[in-house]
Amino acid sequence: MTTISFMGKIIRLANRSRKNRIFFDHLIRELAICLNVGDTSLDREVLVPTYVNHSMAGKVRNNEYYCQITRDDGILFLPLYDILPSDLLDRLDEMLANAPANLKRCGSRKLITDYLSQCTDLTQCHYSALNQMQSIH
């Protein structure tokens, strides 16, 4: 399998996922859907879940987009552009725009994860985020 790089290098996401798995699981599902539908960019205003630890929980407790999980931790729904830097979002958009035409409406997890693996440093472990999706049609 050949590796495809965008803007000069592979898109690095794997290490970032360790600190905020709920967000990255959602992002991986969003990328898979975009590839299957044929979208050429991510909706940067879509609200996505992100962990909020004890240092932030008190500040957002009354926010309508905050869900408390434990006494000190919760999940806050924020726009994608508030979580990832714009240069990384630009690279993900470029990856989507350059996706092979055979991915559109393919409904194949294997084809989509093969393409994501060529463009990013994500592994099969990360693709477990797609397990809950019976079909991406």
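A: What follows is a close look at helix H2 (residues 21-37) and the sheet on which H2 packs.

The model is predicted, so local features need pLDDT of at least 70 and side-chain atom pairs count only at pLDDT 80 or more, while totals for chains, interfaces and linings use all residues. Residues are numbered from 1 along each chain as its sequence is written, and side-chain values use heavy atoms, leaving out hydrogens and water.

Start with the names. Helices (H or I, at least four residues) and strands (E, at least two) are DSSP runs, numbered from the N terminus.

Now check the length of H2. The expected span of a helix is 1.5 Å times one less than its number of residues. For the 17 residues of H2 that gives 24 Å, and the end C-alpha atoms are 24 Å apart, which agrees. Just after H2, glycine 38 has a positive phi of about 100°.

Which residues of H2 are buried? Buried means under 20% relative accessible area; exposed means over 50%, and partly exposed lies in between (1.4 Å probe, protein chains only). The buried residues include Leu27, Ile28, Leu31 and Leu35. Phenylalanine 23 is buried too, with a relative accessible area of 0%. Phenylalanine 24 is buried at 4%.

These two rings also pair. Rings of Phe, Tyr and Trp (its six-membered ring) pair if their centres lie within 6.5 Å; planes under 30 degrees apart are stacked, over 60 edge-to-face, and the rest tilted. Phenylalanine 23 and phenylalanine 24 are edge-to-face, 4.9 Å centre to centre, with 80° between the planes.

What do the buried residues of H2 pack against? Their partners are helix H1 (14-17), E1, helix H4 (80-83), helix H5 (86-97) and helix H6 (109-119). Contact means heavy atoms within 4.5 Å.

Next, the sheet. Two strands pair if DSSP finds at least two bridges between them. Three strands form an open, antiparallel sheet in the order E1-E3-E2. Strands E1 (47-52) and E2 (66-68) each have a single partner strand, so one side of each is left without a neighbour in the sheet. Six bridges join E1 to E3, and valine 52 stands opposite glycine 74 in E3. E2 and E3 (residues 74-79) pair over three bridges; there, cysteine 67 has isoleucine 75 as its bridge partner. H2 touches E1 and E3, and its direction makes about 160° with that of E1. Such axes are lines fitted to C-alpha atoms, for helices over the stretch in contact, and angles run from 0 to 180 degrees between N-to-C directions.
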